[in-house]
Amino acid sequence: TLTTDTLSLNHVKEITANSAKEITGEHTLELNGISELNKELAEVLGEHKGFLMLDNVTDVTSSELESLTKNPTKLSLRSVKSLPLGGLTNLEKRENVTLRLFALKRLSEVKATRLSRLPIHIVLDSGSSLTTSTIEILERGPARFTIKDPDSVDPSVRRKISELDAKNITI
């Protein structure tokens, strides 16, 4: 069992749940070649306790997301287009977890409210979907947000973050 390093299997396009059981642990597990999940695979990968990278997965169901967020300390889903709200329940009870996404496309006020209540760190590559009204919502909760690309954030949103002195939103 690998415990501290990185296991990079980005060349793997498909993996069975049984095979996945053999590679989970507490290390960084890179499975960026996988583009589709199923419930059984998501359940096994959710047992991984380290950093889990699934950056080529584009769609995730609520039950798959629920499974994936059980144990990993960091979960990267940078190709996921839409985050199902129903899959966030495990994250409501977990702290010291980082969820990395490319962007939150179509970030409604309902979704912003739900995300802001999570006691986790959410890293966004792009802040292009953030608006002044969603920033006001995100600023109120315990969730911490980091936006990696400062140029992706609208100037009015940057001003609002500054005005609110939003300590939980970093660009």
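These are my notebook entries on one predicted model, from the whole chain down to single residues.

**Ground rules**

I am working with a predicted model, where local features need pLDDT of at least 70 and side-chain atom pairs count only at pLDDT 80 or more, while totals for chains, interfaces and linings use all residues. I number residues from 1 along each chain as its sequence is written, and side-chain values use heavy atoms, with hydrogens and water left out.

**Entry 1: the whole chain**

I began with the secondary structure and found seven helices and eight strands. Helices (H or I, at least four residues) and strands (E, at least two) are DSSP runs, numbered from the N terminus.

Next I looked up the overall dimensions. The C-alpha trace spans about 50 × 30 × 25 Å along its principal axes. For 171 residues, a compact globule would have a radius of gyration near 16 Å, and the chain agrees, with 16 Å. That radius is taken over C-alpha atoms, and the globule rule is 2.2 Å times the number of residues to the power 0.38.

I then checked burial: 52% of the 171 residues count as buried. Buried means under 20% relative accessible area, exposed over 50%, and partly exposed in between (1.4 Å probe, protein chains only). I noted an accessible surface of about 8,400 Å², with 46% of it belonging to carbon and sulfur atoms. These areas come from the Shrake-Rupley method with a 1.4 Å probe, and for residues only the protein chains shown count as cover.

For contacts (heavy atoms within 4.5 Å), I looked at pairs at least 6 apart in sequence, and 44% of those join residues at least 24 apart.

I have 23 positive and 24 negative side chains, and the centres of the two sets lie 3 Å apart. Lys and Arg count as positive and Asp and Glu as negative, while His and the chain ends are not counted. I place each charge at NZ of Lys, CZ of Arg, CG of Asp or CD of Glu.

A reminder to myself before I start: an α-helix has 3.6 residues a turn, so residues three or four places apart point the same way.

In α5 (109-116), I list Lys111, Ala112, Leu115 and Ser116 as buried. They cover an arc of only 130 degrees around the axis, which puts them on the same side of α5. The arc is that of the directions from the helix axis to the C-beta atoms. The cover over these residues includes β6 (121-126), α6 and β7.

In α6 (residues 132-140), the buried residues I noted are Thr134, Ile135, Ile137 and Leu138. Down the axis of α6 they fall within an arc of 165 degrees, so they line one face of the helix. They pack against α5, β7 (144-149), α7 (155-164) and β8 (169-170).

In α7, I find Val157, Lys160 and Ile161 buried. Their arc is only 100 degrees around the axis, which puts them on the same side of α7. The other side of α7 has Pro155, Arg159, Ser162 and Glu163 exposed. The buried residues pack against α6 and β8.

**Entry 2: two residues with positive phi**

Which residue follows α7 with a positive phi? I found Asp165, with phi near 55 degrees, and Asp165 is not a glycine. Asp165 sits in the loop between α7 and β8 and is partly exposed, with a relative accessible area of 48%.

Arg106 also has a positive phi, near 50 degrees, in a residue other than glycine. I located Arg106 in the loop between β5 (98-101) and α5. Is Arg106 buried or exposed? Arg106 is exposed, with a relative accessible area of 60%. Not counting residues up to four places away in sequence, Arg106 touches Lys81, Ser82 and Ser129. I also took one distance here: the C-alpha atoms of Arg106 and Arg117, 11 residues apart along the chain, are separated by 18 Å.

Gly50 lies in the loop between α2 (39-45) and β3 (51-53), and is buried at a relative accessible area of 4%. What does Gly50 touch, not counting residues up to four places away in sequence? I count Gly25, Glu26, His27, Pro72, Thr73 and Lys74.

Leaving aside neighbours within four places in sequence, Ser67 is in contact with Ala42, Glu43 and Gly46.
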